[in-house]
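Me: Please take a close look at the aromatic side chains. I would then like a connected account that passes from them to the surrounding elements.

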Amino acid sequence: MALRYCGALALVAGLLLIFATVSSSESQKSRNHMETLRIPPRFSQKESTEMKEALKGAIQIPTVSFSRNKSNTTALAEFGKYIRKVFPRLFNTTFIQHEVVGEYSHLFTIQGADRSLQPYMLLAHFDVVPAPEEGWEVPPFSGLERDGFIHGRGTLDNKNSVMAILQALQLLLTRNYIPQRSFFIALGHDEEVSGLNGAQKIATLLQARGVQLAFIVDEGSFVLDGFLPSLKTPFAMVSVSEKGALDLMLHVNMTPGHSSAPPKETSIGILAAALSRLEQTPMPNLFGRGILKMTLQQLANEFPFPHNIFLNNLWLFQPLVSRFLERNPITNAMIRTTTAITKFHAGIKENVIPSVAQAVVNFRIHHAQTVQEAFVLATQTADTTRTLPPVSTASTPSVFSPRASVASTDSTRKSQSKTMRPR
């Protein structure tokens, strides 16, 4: 994966705006504070170079999570030392407390001047999934810059967020920034394998301290340009929830044999047929039962004719739009529970018919479905009567963050256009 350099700078700039904005209050003192705090419209050449090199260095540390029981702990410890070296002000500021949680995760507590304001939290993670070099144009942990992009595992998921958050805070500290509102920065080391030792332990720790958060900002979507062919304007997708997950292991066990006298069916053949049925029979299209419909309605007037007509009249054209969304893998994932075969194990030798064949199918569960509904549909489609009882692990879809309706969003936009004036 690769991250365009200017995109990393934009992420830092956006976080600077978050820090400065949510730290304000309605008091005259706070307004005066905001008048004195001026974030420069551009970074200096020195700051830009330092940010770029810091991200490259982070990518070069292979903080891989292989499974819940196996991680590159040497790299995780090295990453902790690295952020201390790159962001010294964060560890030497009196109103910032740093803690290591679960051996490798990091929790920063930034104390604001007004303790009556409810704190918020910024979340990110610095572990990554394995990255075999096959299929990569450059070594996956090189952090190589090429054609305006920084390449490597973690540039998009999620060391870009980690480094942008820490970089933004350090830049503000160099400008004598003191927040009005307290906030936390939580950096997990095992998010890719469910976060049981990182995020969960941080949550337990804060809960024991009686902390109640106003809101959380976690990793989400991107600024999308050219994402939909007919939409020429870049737009930022803000994720307000997360799909659930279901890992289904299918297992076929038969008497082994020799390839010179094969049976009518083999364990591999039976399992392959079940997997093919799952791929060829997608989960139901649930467009209209989630937030994507509201998103498209808000974007409707950004589309040219006739697409704007379709999106402004979904009461009539919803079936047509729904079929269109199925054609793109990204939008298709927004309207249904997705099915992905991620593991297949069978065979020990080219002339031996194996007794055992195993596969893992990963489902990302749409908010309009439950884990149980997805499980029942999957097992019926695969016809698990011909396999051993399926083994599964699952997590339910998260709740939606509060969000405005289309009407209230439009009225807010109109109100802002009247009251906000350039200085």
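**Aromatic pairs and their surroundings**

Reply: Tyr120 and Phe183 are both buried, where buried means under 20% relative accessible area, exposed over 50%, and partly exposed in between (1.4 Å probe, protein chains only). The model is predicted: local features need pLDDT of at least 70 and side-chain atom pairs count only at pLDDT 80 or more, while totals for chains, interfaces and linings use all residues. Residues are numbered from 1 along each chain as its sequence is written, and side-chain values use heavy atoms, leaving out hydrogens and water.

The structure contains 6 aromatic pairs. Rings of Phe, Tyr and Trp (its six-membered ring) pair if their centres lie within 6.5 Å; planes under 30 degrees apart count as stacked, over 60 as edge-to-face and the rest as tilted. One of these pairs joins Tyr120 to Phe183 and is stacked, at 5.1 Å centre to centre with 15° between the planes. The pair connects distant parts of the chain, 63 residues apart: Tyr120 belongs to strand β6 (residues 120-125) and Phe183 to strand β9 (residues 183-188). Helices (H or I, at least four residues) and strands (E, at least two) are DSSP runs, numbered from the N terminus.

Tyr120 also pairs with Phe215; the ring centres are 5.0 Å apart and the planes stand at 5°, so this pair is stacked. Here too distant parts of the chain are linked, with Phe215 in the loop between α7 (199-208) and β10 (216-217), 95 residues from Tyr120 in β6. Tyr120 has a relative accessible area of 0%, whereas Phe215, at 30%, counts as partly exposed.

Elsewhere, ring pairs join Phe79, Tyr82 and Phe126 into a cluster. Phe79 and Tyr82 are among the buried residues of α4, together with Ala75, Leu76, Gly80 and Ile83. An α-helix has 3.6 residues a turn, so residues three or four places apart point the same way. The buried residues of α4 pack against α3 (45-59), β3 (70-71), α5 (88-91), β5 (105-110) and α6 (159-173), with contact meaning heavy atoms within 4.5 Å. On the face turned away from the buried side, α4 carries the exposed residues Thr74, Lys81 and Lys85.

A further ring, that of Phe66, has the charged end of Lys70 over it, 5.0 Å from the ring centre. A charge sits over a ring if NZ of Lys or CZ of Arg is within 6 Å of the ring centre and within 35 degrees of the ring normal.

His251 lies in strand β13 (residues 244-253) and, at 17% relative accessibility, counts as buried. Its side chain makes a polar contact of 2.9 Å with that of Gln358; such a contact is a pair of N or O atoms within 3.5 Å, and within protein one must be able to donate a hydrogen and the other to accept it, residues adjacent in sequence counting only if both atoms are side-chain atoms. In strand β17 (residues 356-365) is Asn362, also buried, at 14% relative accessibility. The side chains of Asn362 and Asp247 form a polar contact of 2.6 Å.
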